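Trainee: I would like to learn how to read a model like this one. Where should I start?

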Amino acid sequence: MKVGIIGATGYGGVELYRILSSHPNVDECILYSSSEMDVPYISSFPHLAHLSDHILKDINVEDIKNNVSVLFLATPPGVSKNLSPQFIESDVKIIDLSGDLRLKNSEEYEKWYKRPCVEEDVLEKAIYGLSELNKEQIKDARLLANPGCFPTATLLGLAPVVQKGIMNENSIIVDAKTGVSGAGRNASQAFHFPEVNDNMRIYKVNEHQHIPEIEQMLRVLNEKVSYISFQSHLIPMTRGIMATIYGSLEDSYTTEQLLTVYKEFYKDSPFVRIRRENEFPATKEVYGSNFCDIGLKVDERTGRVTIVSVIDNLMKGAAGQAVQNFNIMCGFNETTGLQAAPIYP
Ligand SMILES: NC(=O)C1=CN([C@@H]2O[C@H](COP(=O)(O)OP(=O)(O)OC[C@H]3O[C@@H](n4cnc5c(N)ncnc54)[C@H](OP(=O)(O)O)[C@@H]3O)[C@@H](O)[C@H]2O)C=CC1
Ligand SMILES: CC(=O)N[C@@H](CCC(=O)OP(=O)(O)O)C(=O)O
């Protein structure tokens, strides 16, 4: 199968290429760029110097339709809005890593992303692709909205207790931390080494664009969910997200009982690993892998539970989950190309 990547010079795109270049069902990966046409790819990415060199190609829709079966969009918000509609009537399946197709309500998109939303008829065709929760819909998807990094960690951490009504739906607080690669490859002052190193900063307070995405999916799991509190923090590491989640329990549960609920909920999910009692995941334990690791502990004094969910933002939070969805959409084993263990230390 031939696949294409638009945005191949960005962090999400180069991670996609790293995985897809050794995927057994991918014969060729065609790399497109809007700014670096006719440039040898591996001169920018020497860590991939063992692979055959590619010349980045101009984005030509007709050329893509004639040469590619699945097209990955690893592009900033707003790009998919213009590109995806051009493939709707074609045989090309689209997997979009940006937020353009995730929110079902276009007014919500315009409010949180502060830019025009894609047309309604295109939005209706998009399938939200949180692999573990939406597998049946993903199988038939032709236009797939790959989830955001914070929503992936948060939703996998919350899904069992929210779907089963174990957690009070309106008590949810998410305290999330991310590494700097989450901001993409284009440097700006806020992500400059002296600003980030030895530092920790909260950002987009009460305004993060992932809040409506998380609430939208939580309401699919349990219609009683209204709003969540969510805050994001930038910390001095390259990759990784930790979402520490708090919520009140509707009844008295022990940690052991909740761990049993989680193990049962994710028993057919090869990328979700539930930790044992009193063991909590750290971001390094999923580094470079497609795993989401979850630990939790009930506080019997307050009647609340603390859930810790970690992912690699560029893998399960972006390119890894995009390939997992590609596998599900194409009928391949979900784990194909993604079996590598995390890198440690
Ligand atoms: N980084 C992360 O952890 C995550 C990112 N995402 C989302 O994935 C997408 C890609 O993110 P990331 O790789 O980090 O971003 P980067 O900024 O690293 O890369 C984006 C790439 O998009 C390409 N691009 C820019 N403008 C255009 C355009 N007008 N038309 C076509 N291509 C364009 C650029 O490549 P070129 O100039 O060569 O065309 C650029 O390399 C974003 O929407 C991001 O929000 C989602 C989850 C996690
Ligand atoms: C560190 C940093 O800035 N991270 C980004 C990650 C979001 C992202 O990648 O964007 P979409 O998922 O919305 O496409 C942020 O918090 O906005």
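Predicted model: local features only at pLDDT ≥ 70, side-chain atom pairs only at ≥ 80, totals over all residues.

Trainee: Which domains does the assignment give for the protein chain?

Mentor: The assignment gives domain 1 (2-125) and domain 2 (150-313). Their C-alpha centres lie 27 Å apart. The contact between them takes 9 residues from domain 1 and 7 residues from domain 2. On the domain 1 side, helix α5 (residues 106-113) supplies the largest share, 3 residues. That side has 4 nonpolar, 2 polar and 3 charged residues.

Trainee: Which residues are around ligand 2?

Mentor: Among them are Pro77, Ser98, Gly99, Cys149, Thr178, Gln209 and Leu234. Domain 1 (2-125) and domain 2 (150-313) each provide at least three residues of the shell. By class, the shell has 4 nonpolar and 7 polar residues, and no charged ones.

Trainee: How do I read a helix, and what is the case for α8?

Mentor: An α-helix has 3.6 residues a turn, so residues three or four places apart point the same way. Helix α8 (residues 149-163) has 15 residues and reaches 21 Å from its first C-alpha to its last, close to the 21 Å expected.

Trainee: Where does α8 bend?

Mentor: At glycine 157, by about 35°, with proline 160 following within four residues. Just after α8, glycine 165 takes a positive phi of about 65°.

Trainee: Is α8 mostly covered or exposed?

Mentor: Mostly covered: 14 of the 15 residues of α8 are buried.

Note on methods:
Residues numbered from 1 in each chain as written. Chains lettered and ligands numbered in written order. Near = placed C-beta within 6 Å. Nonpolar A, V, L, I, M, F, W, Y, C, P; charged D, E, K, R; others polar. Domains from an automatic or database assignment. Contact = placed C-beta atoms within 7 Å. Helix = DSSP H or I, 4+ residues; strand = E, 2+ residues; numbered from the N terminus. Expected span 1.5 Å × (residues − 1). Bend = angle between axes of the 7 residues up to and from the residue. Buried ≥ 20, exposed ≤ 12 C-beta atoms within 10 Å, placed from the backbone.
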